[in-house]
Every structure is written in structure tokens, then in C-alpha cells.
Amino acid sequence: MKTITTMYFSPTGASRKIANGIAGGIAGTGTFEQKTIDLTKPQAREKTYEFRSNDILVIGYPVYGGRVPAVLQNVLCGLKGTATPAVLAAVYGNRDYEDALLEGQDLLAEGGFTVLAAGAFIGEHSYSAKVGAGRPDAEDLQAAEGLGIKAAEKISAGDYLEVAVKGNRPYKDPMPDMPFTPKITETCTGCGLCAENCPMQVISRENPTQINTGCILCSACVKLCPQQAKYWDAEPILKIKQMLETKFVERKEPEIFI
Ligand SMILES: Cc1cc2nc3c(=O)[nH]c(=O)nc-3n(C[C@H](O)[C@H](O)[C@H](O)COP(=O)(O)O)c2cc1C
């Protein structure tokens, strides 16, 4: 039996929803075994994964600075395929995804995968609830499912040709170092949810106001805090937020490559 493996790195949940939508589309076309690997968890990023030629890999990640998030680049590069078909989703915050799909496709190709279908989808922006607000929504999830169905058709027809995705080589320059961390208000109850869910495990469990080096500015803690006790006050991030809320609120639609 073929196995569909759904992998995602998804600090604020948008990429997870899209990857699950795509996998659901594929799964609806036949009988498959299904597995999920959440690369948001640091331990999951340290394991090695091998895939057979009759497996199907679905993978979703957020776009960071028009690229694959730096923390994920080695992980993608280390996946071992055997001419394994893969479906790729880059999820961006309604600004642009630039080279994130092409880079993901290249990294997977190095490991022996053929990306035969891909999509760029929109998720609420990590730094603003007004940019890409409420995305992915029902229409986005339908588009994700549709991509899965089309990918499944290609696979069952034996059409294992690499799909051409948008993007340029050399890729966009990496994002500059931004050594900031979210601030915390007195409404923090010390529940530890942020520490538990931090993809980099840099928040102290005993004292969540203490953040060690290695924060990737993903906003997982800011968005999941039930008290809304976490916030950004670093000037460069506030400027990005303002720029996004001025220039990138108009709805963008998913782009499908098949
Ligand atoms: C460090 C960082 C860089 C980002 N860069 C971009 C970008 O270049 N373009 C864009 O549209 N959104 C960008 N975003 C927004 C995320 O791609 C978007 O919010 C995505 O939905 C987050 O996915 P997740 O919910 O799976 O974490 C960035 C977010 C972060 C944290």
C-alpha cells in the first residue's frame, strides 16, 4: 500500500492546515496509509527519514524572507527519497513568496525526490493579524485539496515529471540577522504554553520572560498565548508590520503549479 507522509514546519499553524488539506485531497482518491511528521518539534528535525519510490511526500512550510526558513534548509536537504514523488506547499503572509518554492524543490531534488506538484498559499502574517487575516480560509483549503487531487492523478498516471515553479536562482539573499525576542506583559500567568510550543525551545519553562539565544522570530509564542501577553516592540519588526499593513492587505490567491 502507498503511504502518504505529511510533513510540515508550522510555528503559527497555517502551513500545517495547507499540508493537511493537500494530503486529504490525495487520500480521497484511493486507499493509503497515512503518517504525519511535525517538523515544528525540534526532536523531529533531528531524525533521519527515508522514503520509497511508492511513497508520497506532502510538505508544507512558511516563507521567511522569500526563502525556505533557514532552520528547515538542512532538514529538507537530509530527507532521503528514492525517486519519491513530492507535493510542496510554501505558505506566505500575503506579501510574496519569491524563491521559497524553487529552493524547496531544489533541496528535495538533492535528496532524491521529484516535486511534481506545488502551490503557494496564503496564511495570516506572523507579525500582523490584519495581513492575510483568517487565512487559510475554506477557499484556500479547497484549493489545497484540489492540488492534492491533481497530484494524485499525475502519480497514478505515472507522470513523474518535475513541475516548473516560480522563482529565481541565485535565490534572494538570506534575511539579515535580527537579534530580537518578543516582550512579555504582566498578564503572563506562567502557564508555560509558549515554552512548550517554541519550535526552537529557547523559552525558559520556569520563567517565560527569559528567552535564550536562538529565537527565529516565528511568533508562535505571540500568537498562541491565551493571555496575549507576548508582543513585539523591536523597531525593525514594528516597521515591517506597518509596511505590511499599508501595502499588503489586498487579498492574494493561491497559485498552483501542476
Ligand atoms: C521571519 C519571518 C519572515 C517572513 N517572511 C515572509 C515573506 O518573505 N513573505 C511573506 O509574504 N510572508 C512572510 N512571513 C509570514 C509567514 O510566511 C506567514 O505568516 C505564514 O503563514 C506563517 O506560516 P505558519 O503559520 O505555518 O507558521 C514571514 C514570517 C516570519 C516569522
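I started at Thr5 and found it in strand E1, residues 3–8. Helices (H or I, at least four residues) and strands (E, at least two) are DSSP runs here, numbered from the N terminus.

Before going on, I noted that this is a predicted model, where local features need pLDDT of at least 70, side-chain atom pairs count only at pLDDT 80 or more, and totals for chains, interfaces and linings use all residues. Residues are numbered from 1 along each chain as its sequence is written, and side-chain values use heavy atoms, with hydrogens and water left out.

Is Thr5 buried or exposed? Thr5 counts as buried because its relative accessibility is 2% (buried is under 20% relative accessible area, exposed over 50%, partly exposed in between; 1.4 Å probe, protein chains only). Skipping residues up to four places away in sequence, I listed its contacts (heavy atoms within 4.5 Å): Lys35, Ile37, Phe51, Ile56, Leu57 and Val58.

Next, the nonpolar cores, meaning sets of buried Ala, Val, Leu, Ile, Met, Phe, Trp, Tyr and Cys residues joined through side-chain atoms within 4.5 Å. The largest has 37 residues, and Leu39 and Ile59 have the most contacts inside it. Elements giving two or more residues to this core include strand E3 (56–62) and helix H4 (100–110). Beyond four places in sequence, Ile59 touches Met7, Leu39, Leu76, Leu79, Val87, Leu88, Ala89 and Leu108. I also logged a second, separate core of 22 residues, with Ile18 and Val58 among them.

Last, I checked Lys47, in the loop between helix H2 (42–46) and E3. Lys47 counts as exposed because its relative accessibility is 56%. Its C-alpha atom is separated by 39 Å from that of Gln242, 195 residues apart along the chain.
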